[in-house]
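Subject: Structure for your files

Hello,

Here is the structure I said I would pass on. Please open it alongside this message; my notes follow below.

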Amino acid sequence: MPAFSHPSPLGPKRALGWSIVNEARPAATPRLRVRTYELTDPGDLVGLIPAGRPAEDVMSWVRREEGLVGWGRAAAVSTSGDARFADAEEWWDALVAAADVVDEVERPGTGLVGFGSFSFRNSSDEGAALVVPEMIVGRRDGHAWLTTINRTTDQLPEVKPAEAPTGVERTDGALSPAQWRGAVGDAIEYIRAGRIDKVVLARDEIHTADADIDPRWLLARLSTAYRDTWAFAVDGLVGGTPELLVRSDKGLVTSRVLAGTIRRTGSDDHDLALAASLARSSKDLVEHEFAVRSVEAALRPHCSSMNVPDAPFVLHLPNVMHLATDVSGALTDGASSLTLAASLHPSAAVCGTPTREAALVIDELEHMDRGRYAGPVGWIDARGDGEWGIALRSGQIDIENPCRIRLFAGCGIVEGSDPVSEVAESVAKLAPMREALR
Ligand SMILES: C=C(O[C@@H]1C=C(C(=O)O)C=C[C@H]1O)C(=O)O
């Protein structure tokens, strides 16, 4: 049994294949009635999500007041195994083909939209989900819209503010911080011995509140305190990720690669000096280069005119600073954003180099199933456009016991890494979710 049961709301998961909400015959494709209308400014997007929905029916992809929020479940599929991306996409294509859509706005993210979250590993117990909400509100470039799916009303529900979790207690996950420090030491040995060049090791911790954790509270905290991250929620996985695996927008493909991290100190002057040292640190530049090369190699078969900057910039977040590179290209083969996300996953930013061997080391040293952490999370529309982040700085609310959430953080390990510093870095990466739970 995995530490966190993550059953489909539809009953037991099938190893491969589809299951669809509100359908008597599991493999049939429902004909969704989709209506998108222009909306006068709806205000704070995350604040629109109504109370009282189960955590897995709250959806968000919001950064700097732009993006999408959704709630309810008009249709959903759960897939698993090696074919989880392909099976989800096949279901999506059939849903799109059958849908009855009137879209008065016609922008990326209008009309039929599915929110998805995919496990890091092929063999994970937690599989993947693609969910179409009953209502979606979006905002982009000064335009706002409402999409309803299989609903006769277009009234936004009344909103009751989210309440902070109380009585939150923390316990270790698979490994204690000290045990995980030992695992980092083992990984450094493997690198010195030439088995791998880089591996990303993660750890988890469990937080338990005295009542159900409201994902709306976490989203509100993350979207105000960490404005440069995407505040996401899909199927109970909630977080604020700074890393964009891929955005596909009318033929333009972009990816924001992060790798190489330094903790912030709270003093702006000191942080500026640290940022300069990060940009010159050979350990971090090497770690970053592995991640950029893995993204470039995955996008190249789908793109022409690729732009891969020679040197990274430093992304300043409230808790950490990262080396960052924005890679872009022109889409040549019409691949959907989900196909692109599948071919980019797992990048060296969350797995390592070489990929296969790094994945074996992760299995051996982490002692846990990452579930949906470090997997693609985001949305896709009927044209295939969409945005997929890497599910970092996040937690999985336990669907069977929503008082519990499992948080994760990981660190890229290279030859020059130091186990004690990596533990401190993992704590800094846990900070956004720990703070949001307070
Ligand atoms: C694995 C995580 O972050 C990744 C690892 C980084 C690093 O080791 O420098 C930086 C950004 C992310 O690509 C995480 O936040 O859990």
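β2 covers residues 58-63 and β3 residues 66-71, and six bridges join them in the antiparallel sense. Strands here are DSSP E runs of at least two residues and helices are H or I runs of at least four, both numbered from the N terminus; two strands count as paired if DSSP finds at least two bridges between them. This is a predicted model, in which local features need pLDDT of at least 70 and side-chain atom pairs count only at pLDDT 80 or more, while totals for chains, interfaces and linings use all residues. Residues are numbered from 1 along each chain as its sequence is written.

The hairpin of β2 and β3 has two residues between the strands, and in it Arg64 takes a positive phi near 50°. β2 also pairs with β12 (residues 230-234), antiparallel, over three bridges, and there Trp61 has Phe232 as its bridge partner. Six of the six residues of β2 are buried. A residue is called buried if 20 or more other C-beta atoms lie within 10 Å of its own, exposed if 12 or fewer do, and partly exposed in between, with C-beta atoms placed from the backbone. Both faces of β2 are covered: Val58, Ser60 and Val62 are buried on one side, and Met59, Trp61 and Arg63 on the other.

Nine of its twelve residues are buried, so β18 is largely enclosed by the rest of the structure. Its pairings are as follows.

- β15 and β18 run antiparallel and are joined by ten bridges; Arg256 has Asp326 of β18 as its bridge partner.
- β16 (residues 303-307) is antiparallel to β18, with three bridges; Cys303 stands opposite Leu331.
- β17 (residues 313-316) is antiparallel to β18, with four bridges; Phe313 stands opposite Ala324, and a hairpin through three residues joins β17 to β18.

Next, the ligand. It is surrounded by 17 residues, of which the closest are Thr261, Ala349, Leu392, Gly410 and Gly412; a residue counts as near if its C-beta atom, placed from the backbone, lies within 6 Å of the molecule. The elements that give two or more residues to this shell are β11 (198-208), β15 (252-263) and β23 (404-413). The shell has nine nonpolar, five polar and three charged residues.

From the records, an unreviewed UniProt entry lists residues 178-429 as "domain: Chorismate-utilising enzyme C-terminal". UniProt positions are in the numbering used here, feature names are shortened, and annotations may be inferred rather than shown by experiment. In the model that span is 35% helix and 35% strand, and its end C-alpha atoms lie 17 Å apart.

Glu366 belongs to α7 (residues 355-366) and is buried, because 22 other C-beta atoms lie within 10 Å. Leaving aside neighbours within four places in sequence, Glu366 is in contact (C-beta atoms, placed from the backbone, within 7 Å) with Ala174, Ala183, Leu201 and Ala202. Ala202 is 164 residues from Glu366 along the chain, yet their C-alpha atoms are separated by 6.6 Å. In α4 (residues 268-280), by contrast, the count of buried residues among 13 is one. At 1.5 Å a residue α4 should span 18 Å, and its end C-alpha atoms are 19 Å apart, which agrees; the expected span is 1.5 Å times one less than the number of residues.

Last, some backbone points to check. Most residues other than glycine have a negative phi, and most peptide bonds are trans. The peptide bond from His345 to Pro346 is cis, with omega near -5°, and Pro346 lies in the loop between α6 (337-344) and β19 (352-353). Thr353 and Pro354 are also joined by a cis peptide bond, with omega about -10°; Pro354 is in the loop between β19 and α7. Asp141, in the loop between β8 (135-140) and β9, has a positive phi near 45° and is exposed, with 6 other C-beta atoms within 10 Å.

Regards

Key
Ala, Val, Leu, Ile, Met, Phe, Trp, Tyr, Cys and Pro count as nonpolar, Asp, Glu, Lys and Arg as charged, and the others, Gly among them, as polar. Two residues are in contact if their C-beta atoms, placed from the backbone, lie within 7 Å.
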